[in-house]
Amino acid sequence: REFVAHRGTTAVIAPVGLHPAITAALRDVGAVADSPEALDAAVGVFDAFDAKGLEFDHVVVVEPADLVAPDRAGLRMLYVTITRATQTLAVVHRAPLPEALRP
């Protein structure tokens, strides 16, 4: 919600299983997932694969440990995920962070 108040594009990158809950919680700020309309929405909700190659001003990464497999390809996808933001990046998680994101 905080990022929507800023100018620019906002994306939430999350595991597909969380998309319905995220879009329901953010419906009032225009969240859209799993459709081409997500690219132009106030808040686009994407999985890591669909966010690849895109850039957004503000990105919230949800449960990064669940977004990527714990192997070499998974770490590359994690890198792709956290580099989608051009201005602001936030990470939201309950599960422990992947080792690559731990302090």
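User: Which residue stands opposite Val 32?

Analyst: In this predicted model, Val 32 stands opposite Gly 44, a residue of β3.

User: What makes β2 and β3 a pair?

Analyst: Two strands pair if DSSP finds at least two bridges between them. Three bridges join β2 to β3 (residues 43-46), so the two count as paired. They run parallel.

User: And in which order do the strands of the sheet come?

Analyst: The open sheet has five strands, in the order β2-β3-β1-β4-β5, with parallel pairing. On average, neighbouring strands are turned by 20° against each other, direction ignored.

User: Why is one side of β2 and of β5 left without a neighbour in the sheet?

Analyst: Because β2 (31-33) and β5 (85-92) stand at the edges, and each has a single partner strand.

User: Let's turn to Thr 10 in strand β1. Why does Thr 10 count as buried?

Analyst: Buried means under 20% relative accessible area. Thr 10 comes out at 6%, so Thr 10 counts as buried. Leaving aside neighbours within four places in sequence, Thr 10 is in contact with residues including Val 43, Gly 44 and His 58.

User: Which members of the largest nonpolar core touch the most other members?

Analyst: Those are Phe 46, Val 59 and Leu 67, out of 14 residues. At least two core residues come from each of β1 (10-13), α2 (48-51), β4 (56-62) and α4 (72-82). Another core, of 11 residues, lies apart from this one; Ala 14, Ala 31, Val 43 and Val 60 are among its residues.

How values were computed
Residues are numbered from 1 along each chain as its sequence is written. This is a predicted model: local features need pLDDT of at least 70, side-chain atom pairs count only at pLDDT 80 or more; totals for chains, interfaces and linings use all residues. Side-chain values use heavy atoms; hydrogens and water are left out. A nonpolar core is a set of buried Ala, Val, Leu, Ile, Met, Phe, Trp, Tyr and Cys residues joined through side-chain atoms within 4.5 Å. Buried means under 20% relative accessible area, exposed over 50%, partly exposed in between (1.4 Å probe, protein chains only). Helices (H or I, at least four residues) and strands (E, at least two) are DSSP runs, numbered from the N terminus. Axes are lines fitted to C-alpha atoms, for helices over the stretch in contact, and angles run from 0 to 180 degrees between N-to-C directions. Contact means heavy atoms within 4.5 Å.
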